[in-house]
Amino acid sequence: MPKILNVVGARPNFMKIGPLLDEMKRHREIEASLINTGQHYDQVMAETFFQQLGLPVPDMNLEVGSASHAQQTAQIMLRFEPLLLQNKPDLVLVAGDVNSTIACALVAAKLGIKVAHVEAGLRSFDRTMPEEINRILTDSISDFLFTTEISGNENLLREGISPEKIFFVGNVMIDTLNRHKEKAQQSPIINQLGLTTPYALLTLHRPSNVDNRNNLAELLATLQEVSRRIPLIFPVHPRTAKQIAGFGFGEMLHEIDLNRPKIANGINILPPLGYLEFLCLMSKARLILTDSGGIQEESTVLQVPCLTLRENTERPVTVIAGTNTLVGGDREKILTHTAAILAGAYKKGRLPEKWDGQAAQRIVKVLKVAQTFRSATGYRV
Ligand code: UD1
């Protein structure tokens, strides 16, 4: 019976693992467990997601919390190693590009345990992004590389990864979106916020945008200009909240009083939202402005225009096929594209190949076939 140990740690992992766990459960011969590193630990950054996505209680929580990159990665490794030695899984499955992804993949690979990487091959070609380092390193030591778009296959082949390890399977985050879309429509968030007019949805948390005082000041000034045309709703990530407070930029924002919400033109801030509330707000927004990776993909599927506040994207299919446009921090571009979108001129896009809600099924099928094959030739998964 193959033992698969699935790893989650930070917010963007949570919406990727649910469909995989469900699919593994359908195959009795697979013994699946779930480990949470605890990289994200807040009610709003983690617990709510477990509840709303119906994730099982993890078999183990490493409770690493926040720290510098080196400390966080090292702590995860230190706490993960004894667990692997004790549990002896046949395969460790990691997702995405967060510190938990590389930390757990590295420990497993060194112990000779096979590694599967879900969402492999994405490249921004910007090594100043911590996530880019995590992606390259994780891919280089993985045995099964599951890609969401064809660019991922091309990147991996260019890096010399053997084609037999690469599987274009689609996007598990979209499996989750499809499952929860209807339920999200019933979320009371629109009423709770008193939203009666069109709005744009904003998220910001990339270190390149929020950790540098000048960049953040310029970006917020431009977003204030945008918000004179359409109110911005801005659920603020903890990293961003800290920086805004530290730089003294609170004055530029309007805090929504959830007891007496009043949305006016301007940048309206609120705490991070749960998955269903955010999905509801995304699906009804006139426009999304973001520096997140996952939101570029979700907005493409929801066919909502998305302006990505970054110079590059590791998810080019969202630009080529989807509703995404890269605008970086460029004031002119942001204002021009916003005006065009509000005037109704934007690309509707189409669904990228294999973003059909079946990605988890494809992944588990590959793992099952590989298991049979390898055990027949003396290997386990
Ligand atoms: C991490 C990921 C990033 C992902 C993002 C989504 C890495 C390198 N980065 O960035 O790829 O897009 O998650 O959210 O793994 N904090 C809390 N509560 C929490 C978690 C964090 O208050 O539950 C605070 C921490 O104190 C920290 C800050 O938020 O100062 C940033 O957290 P951290 O885990 O370092 O990285 P993220 O910016 O969240």
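## Close-up views of the ligand shell and nonpolar cores

**View 1. Helices around the ligand in the predicted model.** Helix H11 contributes the largest share of the shell around the ligand, three residues. At least two shell residues come from each of H1 (11–26), H3 (69–87) and H11 (238–247); helices are DSSP runs of H or I with at least four residues, numbered from the N terminus. This is a predicted model, in which local features need pLDDT of at least 70 and side-chain atom pairs pLDDT 80 or more, while totals for chains, interfaces and linings use all residues. Residues are numbered from 1 along each chain as its sequence is written, and side-chain values use heavy atoms, without hydrogens and water.

View 2. The ligand is surrounded by 20 residues (a heavy atom within 4 Å), the closest being Gln39, His40, Glu131, Arg239 and Lys242. Ligand oxygen atoms lie 2.8 Å from a side-chain N or O atom of Gln39 and 2.6 Å from one of Arg239. For Asp42, a backbone N or O atom is 3.0 Å from a ligand oxygen atom.

**View 3. The largest nonpolar core.** This core has 63 residues (buried Ala, Val, Leu, Ile, Met, Phe, Trp, Tyr and Cys joined through side-chain atoms within 4.5 Å; buried means under 20% relative accessible area, with a 1.4 Å probe and protein chains only). Leu20, Leu93, Phe146, Ile233 and Leu281 have the most contacts inside it. Domain 1 (3–170 + 355–373) and domain 2 (188–342) each provide at least three of its residues, with bounds from an automatic or database domain assignment.

**View 4. The second core.** A separate core of 27 residues includes Leu216, Leu219, Leu223 and Leu307.

Definitions and conventions. Buried means under 20% relative accessible area, exposed over 50%, partly exposed in between (1.4 Å probe, protein chains only). A polar contact is a pair of N or O atoms within 3.5 Å; within protein, one must be able to donate a hydrogen and the other to accept it, and residues adjacent in sequence count only if both atoms are side-chain atoms.
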